[in-house]
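I opened this notebook to record what I looked up in the structure, one topic per entry. The entries follow the order in which I went through them.

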Amino acid sequence: MVRLFRFGELGHERPGLVGADGVHRDVGAFGEDYGEEFFGSDGLSRLLSWLEETRSELAPAIEPAQVRWAPVVRRPSKIVCVGLNYRAHAEETGARLPREPKIFMKATTALAGVNDPLELPRDSSSTDYEVELALVIGTQLRYADAASARAAIFGYTVMNDYSEREFQKEREGQWVKGKSADGFAPLGPYLVPAAQLDPGNLRLWLSVDGEVRQDSSTSDLVFDVVEVVRSISQYMTLLPGDVISTGTPSGVGAGFSPPRYLRPGDIVRYGIDGIGEAVQAVVAPGADTSDPTWLASLRASRKMPA
């Protein structure tokens with residue numbers, strides 16, 4: 001199995017690759033990051049050929065526990081999301097099932113690494129979590145049929161569609177207000193090529209402070225990934241590297257009575273079987289996380305395990 005990832009401090013991210021040997025390698029010397037040019041020009045085949053020719057001499061091994069995990073895609077032209085796309089989630093919100101995929105956008109500035117702290121937005125009172133299967137587009141697409149939509153999917157990853165519910169629903173405007181805060185789109189840790197994964201029956205899960213809140217399967221999707229891509233392409237041109245997040249299952253904080261939203265100090269873990277998992281600490285607006293001891297202090301204050 002081949003898996004792509006990106007790593008490095010903010011503003012200095014580099015592409016990485018895990019091959020059949022299971023070694024995490026820095027492939028920055030290849031000369032291309034994982035963006036529109038890479039995904040739209042047979043980048044993976046070229047990368048694998050380059051890696052074989054160099055015999056890994058220019059692709060040193062790295063220790064994944066020692067680096068920051070960056071978003072798996074360099075900033076895409078857009079992040080398109082699908083709402084109410086799991087039957088049980090629609091039921092918990094009291095909403096009717098949509099007749100076609102219900103779409104909204106997230107700002108690309110919401111992208112984050114999957115282990116970055118989640119800083120709550122200023123004036124937030126209702127920040128919620130939503131683990132989701134996301135896909136990355138590999139071919140420019142417009143007015144697609146099902147076959148071309150399927151062929152256009154480069155691969156699959158994990159996104160947490162964090163949402164500020166009061167911003168989303170109570171303030172004038174569209175959902176994008178509650179979906180686009182900085183850090184509200186952690187993406188990764190890995191991007192798995194589409195040929196290596198069946199997206200129709202993947203377990204996805206999320207816990208808060210060790211309590212499982214979401215635990216479902218993509219078999220509960222209302223619209224499968226092909227129909228999602230096909231439908232979205234009727235309304236906009238999709239470009240290589242664009243991210244589509246396909247919706248969240250039941251168990252979101254807003255679905256509890258009373259709602260159970262995120263608070264500073266919460267530890268959020270989530271993942272999708274066959275792709276990977278992430279863990280993020282929730283911090284207050286303006287929290288200083290530059291001190292390397294901040295997470296230890298947070299865990300001590302909440303009596304969280306290391």
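Predicted model: local features only at pLDDT ≥ 70, side-chain atom pairs only at ≥ 80, totals over all residues.

Residues are numbered from 1 along each chain as its sequence is written, and side-chain values use heavy atoms, with hydrogens and water left out.

**Entry: the largest pocket**

I took a pocket to be an open set of points on a 1 Å grid over the protein atoms alone, where a 1.4 Å probe fits and protein lies on both sides within 12 Å along at least five of seven lines; lining residues have an atom within 4 Å of a point. The largest pocket holds about 1,300 Å³ of space, a volume being the space filled by probe spheres set on the points, which are joined across faces, edges and corners. Its lining counts 43 residues, and those closest to the centre are Arg 68, Trp 69, Asn 115, Asp 116 and Pro 117. By class, the lining residues divide into 24 nonpolar, six polar and 13 charged.

**Entry: salt bridges**

I counted a salt bridge where a side-chain nitrogen of Lys or Arg is within 4 Å of a carboxyl oxygen of Asp or Glu, and the search of the whole structure finds 18. I followed one network, which links Lys 106, Asp 128, Glu 130, Asp 161, Arg 165 and Lys 179.

Asp 128 pairs with Arg 165, their closest N and O atoms being 2.9 Å apart. Asp 128 lies in strand S9 and Arg 165 in helix H5, so the pair ties together parts that are 37 residues apart in sequence. Arg 165 also meets Glu 130 in a salt bridge at 2.7 Å, N to O; Glu 130 sits in the loop between S9 and S10, so this pair joins parts 35 residues apart in sequence. Glu 130 in turn meets Lys 179 at 3.4 Å, N to O, and this pair links distant parts of the chain, with Lys 179 in helix H6, 49 residues apart.

**Entry: helix H7**

Helix H7 (residues 225-232) is mostly covered, with six of its eight residues buried: Val 225, Val 226, Val 228, Val 229, Ser 231 and Ile 232. Among the elements covering these buried residues, by contact (heavy atoms within 4.5 Å), I noted strands S5, S6, S10, S11 and S17, and helix H4.

**Entry: Gly 28**

Gly 28 is placed in the loop between strand S3 (24-26) and helix H1 (36-39), and at 22% relative accessible area Gly 28 is partly exposed. Not counting residues up to four places away in sequence, Gly 28 touches Arg 14 and Pro 15. The C-alpha atoms of Gly 28 and Pro 15 are separated by 5.5 Å, although the two residues are 13 apart along the chain.

Conventions
Buried < 20%, exposed > 50% of the residue type's maximum accessible area, 1.4 Å probe, protein only. Helix = DSSP H or I, 4+ residues; strand = E, 2+ residues; numbered from the N terminus. Nonpolar A, V, L, I, M, F, W, Y, C, P; charged D, E, K, R; others polar.
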